[in-house]
Amino acid sequence: MSTEPVNRLFRGDMLHVASLLVPGSFRLIYLDPPFLTGREMVGSKKHLSYDDRWEGELDSYLPWLKERLQAMFSLLMVDGSLVLHLDWRASHYARVMLDEIFGRQGFINEIIWHYTGGGRSKTRFSCKHDTLLWYSRSARPVFNIDAVRVPYKKTSGYAKSGIVAASGRHYKPDPRGTPVDDVWDIPIINPLAAERVGYPTQKPLALIQRLIVALSNPGELIGDFCCGSGTTLVAAQKLGRSCVGSDISQAATACAAARLRNECGFAEVSVTEVGGSR
Ligand SMILES: C[S@@+](CC[C@H](N)C(=O)[O-])C[C@H]1O[C@@H](n2cnc3c(N)ncnc32)[C@H](O)[C@@H]1O
């Protein structure tokens with residue numbers, strides 16, 4: 001069976017979902033899988049939860065992840081990009097796996113998402129960043145850097161008057177701001193934020209929107225196969241991209257469907273059941 005991959009939401013194991021889709025059709029896949037926390041992740045609404053406990057820990061988690069990353073690679077266009085979102089627990093293992101799957105030349109960036117808020121550790125430096133690994137099948141993936149410029153720092157002397165080089169050439173600040181680098185300061189979703197839906201580890205729209213704008217063009221196809229509350233689907237819709245989402249949890253797909261109705265004005269969102277378990 002081959003499923004037309006535009007604006008679809010599936011419930012089931014991403015591996016099974018991937019097998020139903022057209023290989024080579026996605027411009028960008030964002031993947032935010034369980035992080036190997038060893039916990040059941042429960043949101044602010046109790047029925048919204050997912051299991052991140054792994055019997056044998058790394059021994060079961062890493063093969064599980066690798067098989068799914070290989071499936072993601074096959075779904076990408078020949079110049080498509082994958083962004084894998086993890087943290088200190090597994091990002092270093094995943095990077096080695098992705099080097100194997102894409103080839104070392106497929107590595108483009110390690111983006112550090114830095115945030116503040118939450119508790120502080122007294123026994124080590126507080127962990128306040130996640131790692132987003134960007135790989136591409138091509139040496140020249142879509143990269144719209146000018147579309148995601150950020151304001152210059154208020155303290156920047158360059159922003160005020162630019163700089164005059166030894167050659168006498170005057171480099172002036174760009175009115176569009178400065179190109180963003182690989183450390184992104186974006187706040188986590190605060191408890192009172194309008195976008196908060198109560199799903200555990202829901203990611204901010206601002207983070208996903210920046211990735212989509214930079215790494216894809218309007219009209220192209222984005223995938224998120226661990227979509228949780230549907231952040232990527234909502235961001236893609238708002239930015240004029242098509243999107244395929246999936247999650248193994250019924251509570252997650254119900255939440256994502258509700259967001260597409262409430263935040264994107266969809267009259268109806270159907271969820272295709274494909275089954276499978278983690
Ligand atoms: C970190 S959360 C994603 C959060 C999401 N990015 C958001 O903003 O709400 C990870 C998700 O992966 C899902 N998941 C776990 N195993 C899966 C599998 N085999 N196939 C598809 N989804 C899976 C979980 O149900 C959970 O919703």
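Residues are numbered from 1 along each chain as its sequence is written. Because the model is predicted, local features need pLDDT of at least 70 and side-chain atom pairs count only at pLDDT 80 or more, whereas totals for chains, interfaces and linings use all residues. The phi angle of Leu-36 is near 70°, a positive value in a residue other than glycine. Leu-36 is buried, with 22 other C-beta atoms within 10 Å; a residue is classed as buried if 20 or more other C-beta atoms lie within 10 Å of its own, as exposed if 12 or fewer do, and as partly exposed in between, with C-beta atoms placed from the backbone.

A positive phi, of about 60°, is also found at Thr-201, although it is not a glycine. Thr-201 belongs to the loop between β10 and α5 and counts as partly exposed, with 18 C-beta neighbours inside 10 Å. Val-42, in strand β3 (residues 39-42), is likewise partly exposed, with 13 other C-beta atoms within 10 Å. When residues up to four places away in sequence are not counted, Val-42 touches Ser-49 and Pro-200, contact being defined by C-beta atoms, placed from the backbone, that lie within 7 Å. The C-alpha atoms of Val-42 and Ala-139, which are 97 residues apart along the chain, are separated by 39 Å.

At the level of the whole protein chain, seven helices and 13 strands are present. The radius of gyration is 20 Å, which agrees with the value near 19 Å that a compact globule of 278 residues would have; the radius is taken over C-alpha atoms, and the globule rule is 2.2 Å times the number of residues to the power 0.38. Taken along the principal axes, the C-alpha atoms fill a box of roughly 65 × 45 × 40 Å. Of the 278 residues, 35% count as buried. Among contacts between residues at least 6 apart in sequence, 70% join residues at least 24 apart.

Nine strands form an open sheet of mixed pairing, in the order β10-β6-β7-β5-β2-β11-β12-β1-β13, two strands being taken to pair if DSSP finds at least two bridges between them. The edge strands, each of which pairs on one side only, are β10 (183-185) and β13 (271-275). Neighbouring strands of this sheet are turned by 20° against each other on average, direction ignored. Strands β6 (residues 107-114) and β7 (residues 129-136) pair in the antiparallel sense over seven bridges, and the bridge partner of Trp-113 in β7 is Asp-130. Helix α3 (residues 91-102) lies across β5 (76-86), β6 and β7, and runs at about 5° to β7; axes are lines fitted to C-alpha atoms, for helices over the stretch in contact, and angles run from 0 to 180 degrees between N-to-C directions. Helix α7 (residues 250-264) also packs on the sheet, where it touches β1 (8-12), β12 (242-247) and β13, and its direction makes about 165° with that of β1.

Within the sheet, six of the six residues of β2 are buried, so this strand is largely enclosed by the rest of the structure. Strand β2 runs parallel to β5, to which it is joined by five bridges, and Leu-31 stands opposite Leu-84 in β5. Strand β2 also runs parallel to β11, with two bridges between them; here the bridge partner of Ile-29 in β11 is Gly-223.

Helix α6 (residues 231-238) is largely enclosed as well, because seven of its eight residues are buried. The buried residues are Thr-231, Thr-232, Leu-233, Val-234, Ala-235, Ala-236 and Gln-237, and their cover includes β2 (26-31), α5 (205-215), β11 (221-224), β12 and α7. Helix α6 is followed by Gly-240, whose phi is positive, near 75°.

Around the ligand there are 21 residues, of which Tyr-50, Cys-226, Gly-228, Ser-229 and Thr-231 come nearest; a residue is near a molecule or strand if its C-beta atom, placed from the backbone, lies within 6 Å of it. By class, this shell has nine nonpolar, seven polar and five charged residues, where Ala, Val, Leu, Ile, Met, Phe, Trp, Tyr, Cys and Pro count as nonpolar, Asp, Glu, Lys and Arg as charged, and the others, Gly among them, as polar.

Key
Helices (H or I, at least four residues) and strands (E, at least two) are DSSP runs, numbered from the N terminus. Two residues are in contact if their C-beta atoms, placed from the backbone, lie within 7 Å.
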